[in-house]
Amino acid sequence: MTKDFSQYKEQLKEIVKSKGLKYSAQREDILKALFDSKKHLTPEEIYTEVKKINKNIGLATVYRALSFLESEGLINSISFGIDGKKYELNRGQHHDHMICLKCGKIIEFFDERLESLQEYIAQKHNFKLITHELNMYGICSNCQEES
């Protein structure tokens with residue numbers, strides 16, 4: 001079942017309340033930008049989107065809100081080393097990523113065989129698997145054609 005934005009908003013309100021924090025429209029606006037996006041966004045791209053609806057937001061506020069939202073499990077990030085992070089809404093459906101090293105395109109995928117193999121490897125090493133993420137780096141088909 002896919003959540004609508006009001007469910008994410010309520011979840012954010014509950015988290016903020018449980019932590020004794022004030023509810024901020026900026027966090028909600030950032031969450032909404034990620035909810036509406038069909039791709040992974042950099043903090044700067046998120047800032048640009050949120051600025052369209054909230055002229056008073058600053059880039060530092062976006063970074064602080066992203067850190068908070070990620071620590072609370074509402075969003076996920078992919079690290080690009082010195083190039084920073086890209087963010088996506090945590091829609092509760094596990095998936096892995098293929099990342100193009102030329103253009104930065106991110107392709108999401110899920111493969112049950114790969115999931116089973118990772119569980120098998122963890123069991124083989126007597127490792128209690130809690131969560132995992134897989135990022136594969138290479139060159140996408142579009143960039144291969146350009147070469």
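Is K52 buried or exposed? I looked this up before anything else. K52 is exposed, with a relative accessible area of 55%. I note here that the model I am reading is a predicted one.

**Entry: K52 and its partner**

I checked what the side chain of K52 meets. K52 makes a salt bridge with E49, and the closest N and O atoms are 3.0 Å apart. I then looked up the accessibility of E49, which is 36%, so E49 counts as partly exposed.

**Entry: salt bridges across the structure**

How many salt bridges does a search of the whole structure find? I noted eight.

E28 has a relative accessibility of 18% and counts as buried, because the cut-off for buried is under 20%. K9 has a relative accessible area of 25% and is partly exposed.

The other is between the side chains of E10 and K13, at 3.9 Å from N to O. I wrote this pair down as a salt bridge because the limit is within 4 Å. Where do E10 and K13 lie? Both are in helix α1, three residues apart, which is about one turn of the helix. For accessibility, I have E10 as partly exposed at 41% and K13 as partly exposed at 33%.

**Entry: packing of α2 on α4**

Two packed helices are described by the angle between their axes and the distance between the axes. For α2 and helix α4, residues 59–71, I have an angle of about 75 degrees and axes 10 Å apart. That angle makes α2 roughly perpendicular to α4, since 65 to 115 degrees counts as roughly perpendicular.

Which residues make the contact? From α2 I listed Q26, R27, I30, L31 and L34. From α4 I listed T61, V62, A65, L66, F68 and L69. I sorted the residues of this contact by type: eight are nonpolar, two polar and one charged.

Definitions and conventions:
Residues are numbered from 1 along each chain as its sequence is written. This is a predicted model: local features need pLDDT of at least 70, side-chain atom pairs count only at pLDDT 80 or more; totals for chains, interfaces and linings use all residues. Side-chain values use heavy atoms; hydrogens and water are left out. Buried means under 20% relative accessible area, exposed over 50%, partly exposed in between (1.4 Å probe, protein chains only). Helices (H or I, at least four residues) and strands (E, at least two) are DSSP runs, numbered from the N terminus. Axes are lines fitted to C-alpha atoms, for helices over the stretch in contact, and angles run from 0 to 180 degrees between N-to-C directions. Angles under 35 degrees count as roughly parallel, over 145 as roughly antiparallel, 65 to 115 as roughly perpendicular and the rest as oblique. Contact means heavy atoms within 4.5 Å. Ala, Val, Leu, Ile, Met, Phe, Trp, Tyr, Cys and Pro count as nonpolar, Asp, Glu, Lys and Arg as charged, and the others, Gly among them, as polar.
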